[in-house]
Amino acid sequence: MASKSILVVEDNPANLQLVEFLLKSAGFTVSSACNGIEAIEKAGAGPFDLILMDVEMPEMDGLTAARKIKGDPALAHIPVVALTSYAMKGDKERCLASGCSGYITKPISTREFVKTVSGFLEAGTGGL
Ligand code: MN
């Protein structure tokens with residue numbers, strides 16, 4: 001079976017490096033983007049099985065990018081999971097309202113991260 005392809009969108013180099021390392025170590029094919037605009041460009045050049053999307057980024061934030069991806073018939077099938085450093089009430093709702101399948105809170109748990117990502121891959125666009 002071909003390895004699953006994941007687009008990681010993250011403007012913080014240290015976070016990006018960690019996420020890429022964990023996913024590649026688990027056998028995933030990983031591409032990256034560092035803002036929402038680049039994310040949409042890269043998503044169009046896929047195919048990707050999953051997009052992990054940081055929320056706070058320059059140029060275009062992650063939830064705006066998620067809405068645009070979900071509004072594009074060619075890309076809408078790709079599950080988007082938000083990477084959020086917010087732990088505030090209402091953030092889950094904001095992520096879901098933007099079309100995300102769910103979210104992963106940063107700082108990520110290096111022990112749980114790949115398991116959590118695999119769960120989202122199995123769930124597809126079907127939601128949490
Ligand atoms: Mn960020």
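Mentor: Asp 54 is buried, with a relative accessible area of 3%. Buried means under 20% relative accessible area, exposed over 50%, and partly exposed in between (1.4 Å probe, protein chains only). The model is predicted: local features need pLDDT of at least 70, side-chain atom pairs count only at pLDDT 80 or more, and totals for chains, interfaces and linings use all residues. Numbering starts from 1 along each chain as its sequence is written, and side-chain values use heavy atoms, without hydrogens or water.

The manganese ion is coordinated by Asp 11 (OD), Asp 54 (OD) and Glu 56 (O), at 2.0 to 2.1 Å. Donors are N, O and S atoms within 2.8 Å of the metal (3.2 Å for Na, K and Ca); water is not among the atoms, so sites may look incomplete. The donor spacing in sequence is D-x42-D-x1-E.

Now the strand. Strand 3 covers residues 50–54. Strands (E, at least two residues) and helices (H or I, at least four) are DSSP runs, numbered from the N terminus. Five of the five residues of strand 3 are buried, so the strand is largely enclosed by the rest of the structure. Leu 50, Leu 52 and Asp 54 point one way, Ile 51 and Met 53 the other.

Two strands pair if DSSP finds at least two bridges between them.

Strand 3 has parallel partners. Four bridges join it to strand 1, where Val 8 has Leu 52 as its bridge partner. Four bridges also link strand 3 to strand 4 (residues 80–84). There, Met 53 is partnered by Ala 82, and Asp 54 stands opposite Leu 83. From strand 3 the chain passes through helix 3 to strand 4 in a right-handed β-α-β crossover. Right-handed means that, with the strands pointing away from the viewer, the path from the first strand over the helix to the second runs clockwise.

One more residue. Leu 23 sits in helix 1 (residues 13–25). Leu 23 is buried too, at 0% relative accessibility. Beyond its neighbours within four places in sequence, Leu 23 contacts Leu 52, among others including Val 8 and Val 117. Contact means heavy atoms within 4.5 Å.
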